[in-house]
Every structure is written in structure tokens, then in C-alpha cells.
Amino acid sequence: NSIKCRINQEILLNITQADKITISATAWVYNYMKDNENRPINRVLDQIGIPDLVSRLNDLPLKDLQTLLLDVFSENAQKITPTDVMARYNERYKYLGGGELDQRELLRFDTLFYSVVPNIFRGVEFSPTGPFGTNATLTKLSQDIVPSTIRNSEVVSDPTVMLALEAARERKPLLHEDPNSTEKVRVCTSSRVLRLQPFDPKFGYMQHFNVFATLTSGHNDNFNNFLTDSAIEHLSIYLDFIEKLNADIYSIKDVTVYLSNIKIMEHIISVSNADEATIRRNTQTVGFKPFEKYGVELPSIIKSEQNIDTSLLKKYEIERSWKFLSKTNDTVVKPLKEKYSTTNFGFDLARHAGIGYYPNFCFHIYGTNENGLTLQLADGGLTDWTKLLLNNDRELCMTSGFGSELINKMFRKKIK
């Protein structure tokens, strides 16, 4: 039976934790069943008259499913006219059509970027598609936001996972020769990606766009050293690039680097009334503040040299997670401050973008344009992707991306 009544606050204060878990689980099951009743696939299955068709197709090997779908799409292609193609191009222009910038501008931007990237990073030009399931397997993001093809591949929606595949491919022979090889693999790319989730165009976002990505892969002979060296390496590339852009035709003010430990938000979700599903849904929502929404007493943002009330650390069970993050003030922030004196640094405790994507350390870079709009410029952090790809617990990987097309659109100097 569906849960239709609201339990008032007085009752909630008196029920046991076990009761809360039961109520939460029951509500989840109800919402899951309700959502599944309205799935578009159910309408199709009713129309075909084979209610278990999806499960039967899922039992097929992927190669056989590909054979089936190729035949279906081949026959459907014979029915399509040039008029149909034009209509679909117009209808889905934001996914299929041309970008808003002249390609010459993007090529010039790429050249500026590669002028600051150290030569130890190998630039890689990728295929527009990667292996099917790459994003879902490595990043834990839904396959629904990735354009899947019928040939067991998917359109690239995140170039950092492709860099992880390339790095793992290079690390494998090194590990074969020496299981404890500490030789790092550094790769980077400028890539156009396509994503299916909706974005707000007024902030310069679109469905397909250019992005820079960098990745450093290596062996965990010393975790803290790898984190420190890789974080400084990646952040320095982007901060050098921002300085180069400001000397060119761009204006990026109030540049701020925020370091985070995603485990802080995960712990807070587990010990408070914060709803993980709601938080995950709002990772791209500008202005969404989970600490304020759920009454979390911690500050969302603090300066890098600030401390936190120890009673709050205990209350939210984040003592270890905060200790891990605060160490980066000495190892990462201070060296960068010496070189980039005009850049702001801080800790973002309320960071929620990246739950499931990053296991712990991550960072954001923000900047403000001449209209006073502050936007995210870069995102990065440690991942476990090469560890998973190589089935080797000692492998570490630092990835990051920089919104090249966004900056081209939103941070150009105004012509006076």
C-alpha cells in the first residue's frame, strides 16, 4: 500500500532509528514502483505485447544484441527520407547541430592551452566513441545521460575516462616488466563531448561542447606524495592558462580554487536527514545549498587556514575526512599561494557534485566574468579508474577537465 499520510514532527521525534529506516525503505520502494509504472518502455512493451521482452533481450550476448539492432535500424533507415533527416536535425539541433562558436576560435584557444601544458603530457586525439558502458562502469553515472550506439559503443561524454583507458593501456606493459613500476603516465586532450542531461543555456552551457582534460596515472608507492604532486601539477596548468587568457582577449576575475573531500558530504548524508537522491539531482543546479536546505551546522565554505569546531566534526562523524582534507593546506595550497598570489584558496565542505565519481579528494576552480557572473572553470580529483581497469589496488589516477567552450562564450573582454 502506498504511503499517503504525513507523519507529524512530534511522532518522528519519538520513533526509533529502526522505525525510521523501515519508513524510509518503504517510501523508497513505493516511489521506485511508481516511477517504474510511468516509464516509457512500459508503453512500448504493452504495444508489442511481450512484457518480458527487455529481460529476454538482456539475456543475449552483446554481440547478438548488436546483430539484432543493426537489422532493425537498417530496415528503419530505408523508410527515412531527406525531409525526415532535415526535420530531425532541426528538432534536435541542440544535440546534433553546429556549435555557437567559429571553429577558428576554438582552434586558437587549443593552441593557447597547449602552450602552457608541460611536454611531459602527451596530447591524444581520440575517436568520437568509446567502449559501451565506460562511463557507467567507471564514474557510476547513469547510462541514460550518455548517447549509446547499437554497435556496443558510446559517444564520448567525458574525455577523462578516455584518458584513463589510454593511461591504463600504457601502464599495463610497465607493470608487466616491473609490478612496482613508479613511472607515471601523463596524457591530455581537447575533445568535443555530447551529454544528454539538460543544461541551463543562460550560464553558457550546452549539450555538446569542447573541453580540455588532463590525467596523471601512477603507482601508489606513496599516496600523499602522489596526491600532492598531481594536484599541484594539474592546478598549475589551469592557473597558468588563466593568466595567459587574461593577458589575451579574456577577462577572468576573482579566480578561486576550492579543495574538497567528497567523503564529508557522504558522511553528512549518512548521519543527517539530507536526502542523497535530491542532492544528486541538483549537482548542476546553480544556487542549490545542501547545508542550508537540510540544516547542517557546518560552514559550506571556509578559508584554507581556518579550523572547524571539533564538536561539529564529531557530530557529523567527519573527523578523519576533515583531517585528510586539512593536510592539503600545507602540502598543496601553500606552495600554490606562493606562485599564484592573486588567486583565492579555500575548502568547499558542502561539495556534492562528484558523489560516486570521486572517492575522496577533488577540486573546483571558479572565476567571475565582466558581467559579475561566477562560473565553474575546472573540475578535478583523484579517481579509482586505472585501479579498476588494471585490476590493481596500487594504481592511482588524478583527472581534471577545463571548460574551454564555456570560457570562450562567457569570459571574453568587452569591446570598448
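Guide: Let us start with K140, which sits in the loop between α9 (134-138) and β3 (153-155). The helix and strand labels are DSSP runs numbered from the N terminus, where helices are H or I runs of at least four residues and strands are E runs of at least two. What you see is a predicted model, in which local features need pLDDT of at least 70 and side-chain atom pairs count only at pLDDT 80 or more, while totals for chains, interfaces and linings use all residues. Residues are numbered from 1 along each chain as its sequence is written, and side-chain values use heavy atoms, with hydrogens and water left out.

The backbone of K140 deserves a glance: its phi is near 65°, a positive value in a residue other than glycine. K140 counts as partly exposed because its relative accessibility is 49%. On this scale, buried means under 20% relative accessible area and exposed over 50%, with partly exposed in between (1.4 Å probe, protein chains only).

With a relative accessible area of 12%, G133 is buried. Leaving aside neighbours within four places in sequence, G133 is in contact (heavy atoms within 4.5 Å) with Q143 and E154. The C-alpha atoms of G133 and S153 are 7.6 Å apart, although 20 residues separate the two along the chain.

For a positive phi elsewhere, turn to E317, a residue other than glycine with phi near 55°. E317 lies in the loop between α15 (310-315) and α16, and is partly exposed because its relative accessible area is 46%. That brings us to α16 (residues 319-326), whose axis comes within 6 Å of the axis of α17 (residues 328-339) and crosses it at roughly 30°. Here F324, L325 and S326 of α16 meet T328, N329 and D330 of α17. Axes are lines fitted to C-alpha atoms, for helices over the stretch in contact, and angles run from 0 to 180 degrees between N-to-C directions.

F109, L112 and F113 of α8 touch I237, Y238, F241, K244 and L245 of α11. By class, this contact has seven nonpolar residues, no polar ones and one charged. Ala, Val, Leu, Ile, Met, Phe, Trp, Tyr, Cys and Pro count as nonpolar, Asp, Glu, Lys and Arg as charged, and the others, Gly among them, as polar.

Our last stop is H208, in strand β5 (residues 208-219). H208 counts as buried because its relative accessibility is 7%. Its side chain makes a polar contact of 2.9 Å with the side chain of R192; such a contact is a pair of N or O atoms within 3.5 Å where, within protein, one must be able to donate a hydrogen and the other to accept it, and residues adjacent in sequence count only if both atoms are side-chain atoms. A polar atom of the H208 side chain also lies 2.8 Å from the backbone oxygen of G97.
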